[in-house]
Amino acid sequence: MSDSKQQRRQFLKTTAIAGTAASVPYFTSGSKASAQETKSDDNRMTIGVIGSGGMASGNMNAAKKWVEVVAIADVDKGRADKFNKQFSDGNADVYEDYREILERDDIDVIHVATPDHWHTKPLIEAMLAGKDVYCEKPLTLTIDEGKLIRKVQKETGRVVQVGTQQRSTFNLFVKAMAIVNEGRVGKIQRVQAAIGGAPSCDPIPVAEVPEGLNWDRWLGPVPSVAYRHTAAGDKKGRGNTNCHYEFRWWYEYSGGKLTDWGAHHVDICNWALKLNGQTEGPTSISGTAKHPVEFKNGMPVENDRYNTATNFLFNVAYPGGTEMVIRNDTDNGVLIEGDKGKIFVNRGKLVGSPVDDLKNNPLPDDAISKVYRGMPMEHNERAQHWANFLHCVKTRETPISDVHTHMEMLNVCHLAGISARLGRDLKWDNATEQIIGDEEANAMLARPYREGYEIEMRQPALS
């Protein structure tokens with residue numbers, strides 16, 4: 001390792017910025033935040049990328065001025081080579097096994113952008129290797145994985161940002177949270193996450209594994225099954241498969257829309273409740289769901305087609321009578337209803353009477369900054385989410401989307417999935433994180449790891 005890199009790594013490990021200057025909302029006029037750490041290409045952090053598909057590409061497009069991709073791990077060589085050419089001019093080291101990246105001491109941060117079932121294992125092992133991590137959502141496939149992630153994060157003190165970038169979208173979601181935080185909707189009575197439904201498909205035949213794809217390692221911790229694929233043909237799209245992108249429609253690898261979009265909108269619902277002082281967790285979940293295949297004892301009886309819920313309507317009960325609704329059948333977005341008014345926010349609009357009232361009674365100048373905990377606000381959306389992560393790597397602050405708040409809301413998404421698969425209501429003990437009086441449902445809080453793909457609980461590296 002060069003002297004300059006050694007000096008830079010030492011600086012990152014030992015330097016913290018004492019305090020953060022006041023910021024102004026991204027969408028107002030005025031000077032930007034005074035922090036300078038994400039303003040130039042000079043002295044970029046080195047990053048190792050685990051998983052080099054569409055999410056990793058989108059993230060690196062947002063962060064490339066601040067990070068230098070020096071290592072890539074992917075079980076699909078074609079994807080890794082394409083990513084390497086795009087973001088490193090072909091100069092990054094490429095590995096099939098991500099653990100080789102974690103062993104390198106010349107890498108500042110890690111980005112995990114694998115399929116959902118591969119999030120927890122590399123994230124935990126990266127923290128134990130002394131790395132700070134930006135990990136895509138949802139963090140876990142199960143509730144018990146989240147317990148372990150939170151435990152390891154507390155023990156290691158690593159900075160972990162979850163890729164729920166709506167928490168850094170100032171002109172929409174963060175502004176909505178500021179309205180809530182200023183009491184403009186009053187005491188929240190009901191929140192709603194409308195996340196759309198999932199697709200179904202005809203039976204997908206077993207197919208030859210594409211050249212360059214290590215299918216066994218792509219499966220990793222989950223049971224070994226045959227690769228399946230149907231070409232799109234004359235239709236637009238990717239075709240049907242149990243692999244890239246379409247993995248999210250299989251409970252074996254994901255939670256369907258409940259954890260895919262749920263990880264975004266249920267997160268905003270949970271954030272609003274916490275800002276409103278309603279911090280107690282849920283007590284029960286009830287509702288209905290429709291699947292494209294039959295289920296028995298919580299498991300699909302057919303294994304050749306998509307199996308996650310296509311339609312659903314769940315009601316999550318909270319102490320004091322507050323309710324969260326998770327549904328597929330209305331305008332995608334978050335509805336927050338209080339005793340003073342209601343607002344609706346999604347990625348295209350923020351509306352409602354408390355929003356209209358801002359014309360005559362604007363938010364205080366620091367309202368957005370308060371919600372963003374006074375951290376720099378120099379960008380917006382995905383670029384800002386990365387800027388916040390890299391800022392917190394340097395200052396050791398807690399990022400805006402940390403693993404603890406993420407798992408608070410993701411537990412709700414996972415409970416919805418368990419309820420959907422079993423077809424019955426569930427009672428939840430938030431203090432113990434256990435389902436009450438239902439052994440079959442409680443057994444679904446965890447899943448076994450396939451032999452050879454267990455989490456390696458190594459001791460943390462010295463920092």
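This is a predicted model: local features need pLDDT of at least 70, side-chain atom pairs count only at pLDDT 80 or more; totals for chains, interfaces and linings use all residues.
**Exercise 1. Describe the chain as a whole: how many helices and strands does it have, and what share of its residues count as buried?**

Step 1. The secondary structure consists of 15 helices and 19 strands.

Step 2. The chain has 463 residues, and 57% of them count as buried.

Step 3. The accessible surface comes to about 19400 Å², with 46% of it belonging to carbon and sulfur atoms.

Step 4. For contacts between residues at least 6 apart in sequence, 71% join residues at least 24 apart.

**Exercise 2. Check the length of helix H10 against its residue count, and decide how far the helix is enclosed.**

Step 1. H10 covers residues 262–275, which is 14 residues.

Step 2. The expected span takes 1.5 Å times one less than the number of residues. For H10 this should give 20 Å.

Step 3. Of the 14 residues of H10, 12 are buried, so the helix is largely enclosed by the rest of the structure. Among the buried residues are His264, His265, Asp267, Cys269 and Trp271.

Step 4. Just after H10, Gly277 has a positive phi of about 85°.

**Exercise 3. Determine how H6 is oriented relative to H14, and which residues make the contact.**

Step 1. The axes of H6 and H14 (residues 403–422) are 10 Å apart, and the packing angle is about 175°.

Step 2. Angles over 145 degrees count as roughly antiparallel. H6 is therefore roughly antiparallel to H14.

Step 3. On the H6 side the contact is made by Ile143, Gly146, Ile149, Arg150, Gln153 and Lys154. H14 contributes Val403, His404, Met407, Asn411, His414 and Leu415.

**Exercise 4. Repeat the analysis for H2 and H13.**

Step 1. The axes of H2 (residues 54–63) and H13 (residues 381–395) come within 8 Å and cross at roughly 75°.

Step 2. The range from 65 to 115 degrees counts as roughly perpendicular. H2 is therefore roughly perpendicular to H13.

Step 3. The residues of H2 in this contact include Met55, Gly58 and Met60, while H13 supplies Arg382, Ala383 and Trp386.

**Exercise 5. Locate Pro138, Tyr245 and Arg396 in the chain, and state the backbone feature of each.**

Step 1. The peptide bond joining Lys137 and Pro138 is cis, with omega about -15°. Pro138 lies in the loop between strand E5 (132–135) and H6.

Step 2. Tyr245 is a residue other than glycine with a positive phi, near 60°. Tyr245 is found in the loop between E9 and helix H9 (257–260), and is partly exposed at 33% relative accessible area.

Step 3. Arg396 is not a glycine either, yet its phi is positive, about 70°. The loop between H13 and H14 holds Arg396, which is partly exposed at 37%.

**Exercise 6. Is Ala231 buried or exposed, and how far is its C-alpha atom from that of Thr241?**

Step 1. Ala231 lies in the loop between strand E8 (229–230) and strand E9 (240–241).

Step 2. With a relative accessible area of 56%, Ala231 is exposed.

Step 3. Ala231 and Thr241 are 10 residues apart along the chain, and their C-alpha atoms are separated by 8.6 Å.

Terms used. Residues are numbered from 1 along each chain as its sequence is written. Side-chain values use heavy atoms; hydrogens and water are left out. Helices (H or I, at least four residues) and strands (E, at least two) are DSSP runs, numbered from the N terminus. Buried means under 20% relative accessible area, exposed over 50%, partly exposed in between (1.4 Å probe, protein chains only). Contact means heavy atoms within 4.5 Å. Accessible areas come from the Shrake-Rupley method with a 1.4 Å probe; for residues, only the protein chains shown count as cover. Axes are lines fitted to C-alpha atoms, for helices over the stretch in contact, and angles run from 0 to 180 degrees between N-to-C directions. Angles under 35 degrees count as roughly parallel, over 145 as roughly antiparallel, 65 to 115 as roughly perpendicular and the rest as oblique.
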